[in-house]
Amino acid sequence: MTDAPQAPVERDVMEYDVITVGAGPAGLALAIRLKQLNPEISVCVIEKASTIGAHILSGAVIEPGPLDALLPDWRKAPPPICVPAKEDEFWFFNKTGGHKFPIVPPGMRNHGNFIVSLGALCAWLAPQAEALGVEIYPGFAAAETLHSDDGTVIGVRIGDMGVAKDGSHKPGYAAGIDIHAKVTVLAEGARGHLTKRLVKRFELDRDSDPQAYSIGIKELWQVPEGRVSPGKIVHTLGWPADNKIYGGSFLYHLDNNQIALGYVSGLDYQDPDYKPWEAFQQWKNHPLIAPLLEGGNILSAGARAIVTGGWQSLPKVEMPGALLIGDTAGLLNVPKIKGTHQAIRSGMLAAEHLAANALAPAGFDAKLRNSDAMAELRKVRNIKPGFKKGLWFGMLNGAWETAVGGLSPWTLKVTPDWSSLDKLGQHERPKRDYVDRSLAPRDRLQGVYYAATEHDEDQPVHLKVADTSICVTRCTEEYGNPCTRFCPAGVYEIVEDTSADGSSNKRLQINAANCVHCKTCDIMDPYEIITWVTPEGGSGPNYQNL
C-alpha cells in the first residue's frame, strides 16, 4: 500500500514590478533610486533577518561619494554611528610588538571617509526607502527562485514557517507566499544561496574565474573612559598569521568609548589546522591591542564571508528576469577593504538601467562593466591574487600594482578557495606562535552568545551535507575535518557514539542553532558537499551595530 500523494500547497501571491532579495546597502540603494526616478514603479525588498541590519556585518569605513549621490542631504541627519575618519595607522605585528609603517598605503588612507556600523546604516536607510513608497519585509526568507516555462526568473518563494525537523507541519504551519515580479534583483551579499544556484543554472561564471572569499570576524567593545580617539583607524598585518596566510586586522575608534575591531583571514589558506576565530582572539591579546580592551566588555560579535575575487571573478550579472548587484556580484575592493560604496553604486546603476529600459535586465552586464565600479576593480585586480605566493611577495606585488595603477599587461588567475587546502602531511605544519588568552570570549560558544543568534531547534537543518559518510572517512583521513575548525560558531562536531555492545562509531553532528550565517562552510568544504540554505525567516544572528 502506498501513501496517498499530498495535495499541492496553496500559496498566496503578491505581485510587484521589482523584488529585491536582501536589505543591505545595494538592495536599499536600488529601491530608493528606482522610486526617485519613477514613483509609479512598485518595489518590494525582502530580508531574511528579523529586523533590518540584524544580519549585516562589516568593518566599516565608507567612501561617501555614492551615498552623496543617492541622498545629497544625508549629512544633515546621519546614521546613528557615523564618525569622520581622522587618523590612519598601518602596523606590522610580531608576537611581542610591532612596527608602524611610515607611509599608509593609498587604499587605506581614509581622509574624507566615515566609520559607520553597516547594520545601523541599513536600518537608517530602510525608513527612507519606505517614505518613498518601497515595501520592506524583514523576516521574509527567500527559499527559492520561481521560473516560467522558458526558465526566466519571475520572482521568489518565501520559505514555509512551522515545518518540523522531520518535515512534518507543526500546529503553527504557514505556507510561504510567492512573490512575482517583472524583475528580481539579487542583493544577498557574499555567497548568496539563491545567487549560487542561479550562477550554476545560467552558467553566469562561464567566462570568469571562480569567486574567492575571506572570513571577517568582528566584535564591538565598550571600553573604559580615556582610551578612545574617535576617528582613529588602525590596520595591521603580521602576527598571528604566518607568511602563507592572507590575514590582517582592523580597529576603529568610535564615539561613546566604543571600539569596533575585527580580523580577516583569506579562505585560500593551506593549513587544514588553521582556525580563523582563534587567530582573531590571539590578535586581541597582542601587547599593543589588549590594553585597549582590558576592563571592557563585548556588546556584539559575529562573522561574515567577504567576497574577494575582484575583477576577474565577476560573473555575468544579468539573466532572463534577474540581476546581481553588490557583494552578491562580487564588487568589493580588496586593498581598500571596502565594498559599501561599490554596493550603493551598483544598486543605483541597476535602478537607472531598469528605469530607462522598461524594467528589462538585458544590457546591465555591459553597463556595469563599463562603469566606475569596474574601473576601480580592474586597477587592483592583481593585488589579492599576489598574496598566493606569500606575504612578502604579495606586498611587493601590491606596491608595484599601485605604482602602475593596475596597468600591468597580465591578470593573475583566481582559483577556488577550497583547492588551496593541504591534505594532512602534505607540507610541514606551520608553528603557531600563540599566547595564553585572557580576554573574552573564552571560546566559540561564548562568541555565539554575543551574536545573539536564534534558531528554532525543531526546524529542518539548514546546512545540507550531501554525504555525511565522507566526513568520518575520507575527510577525517585526508584533512582531519577542517569544518570543526574553520567554522567560527562551532556548528560542526565529530562525535563518537558507543553502542550497547561497546563498539564506537563516529558521526558528524551539526549544531545548526549556533549558525551565524557566515557561509564559510559552503565555501571551504574541500569536497563541496556542504550547502547552506536559508532557515525559517527571522532566524539567525541579531547583530547590534556591527
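The following conversation goes through selected features of a predicted model.

Colleague: Where is His55 found?
Modeller: In this predicted model, His55 lies in the loop that runs between strand S2 (43-47) and strand S3 (61-62).

Colleague: Is His55 buried or exposed?
Modeller: His55 is buried, because its relative accessible area is 9% and the cut-off for that label is under 20%.

Colleague: Which backbone oxygens does the side chain of His55 reach?
Modeller: The side chain reaches the backbone oxygen of Ser539 at 3.1 Å. The side chain of His55 also reaches the backbone oxygen of Pro541, at 3.4 Å.

Colleague: And which residues does His55 touch, not counting those up to four places away in sequence?
Modeller: With those set aside, His55 touches Glu47, Lys48, Ala49, His517, Ser539, Gly540, Pro541 and Tyr543.

Colleague: Let us turn to Asn285. Where is its place?
Modeller: Asn285 sits in the loop between helix H5 (276-284) and helix H6 (290-293). Asn285 counts as buried because its relative accessibility is 11%.

Colleague: What does the side chain of Asn285 reach?
Modeller: It reaches the backbone nitrogen of Ser438, at 3.0 Å. Leaving aside neighbours within four places in sequence, Asn285 is in contact with Ala290, Val435, Asp436, Arg437, Ser438 and Leu439.

Colleague: A change of topic: how many strands form the open sheet, and in what order?
Modeller: The open sheet has 7 strands, ordered S6-S5-S15-S16-S17-S14-S18, with mixed pairing.

Colleague: Which strands stand at the edges?
Modeller: Strand S6 (98-100) and strand S18 (297-307) do; each has a single partner strand, so one side of each is left without a neighbour in the sheet. From one strand to the next, the twist averages 20 degrees.

Colleague: In which sense do S5 and S15 pair, parallel or antiparallel?
Modeller: Strand S5 (residues 87-93) and strand S15 (residues 232-238) pair in the parallel sense, over 7 bridges. Glu87, for instance, has Lys232 in S15 as its bridge partner.

Colleague: Finally, helix H7. How many residues has it, and how many are buried?
Modeller: Helix H7 (residues 340-356) has 17 residues, and it is mostly covered, with 13 of the 17 buried. From its first C-alpha to its last, H7 reaches 24 Å, close to the 24 Å expected at 1.5 Å a residue.

Methods:
Residues are numbered from 1 along each chain as its sequence is written. This is a predicted model: local features need pLDDT of at least 70, side-chain atom pairs count only at pLDDT 80 or more; totals for chains, interfaces and linings use all residues. Side-chain values use heavy atoms; hydrogens and water are left out. Helices (H or I, at least four residues) and strands (E, at least two) are DSSP runs, numbered from the N terminus. Buried means under 20% relative accessible area, exposed over 50%, partly exposed in between (1.4 Å probe, protein chains only). A polar contact is a pair of N or O atoms within 3.5 Å; within protein, one must be able to donate a hydrogen and the other to accept it, and residues adjacent in sequence count only if both atoms are side-chain atoms. Contact means heavy atoms within 4.5 Å. The expected span of a helix is 1.5 Å times one less than its number of residues. Two strands pair if DSSP finds at least two bridges between them. Axes are lines fitted to C-alpha atoms, for helices over the stretch in contact, and angles run from 0 to 180 degrees between N-to-C directions.
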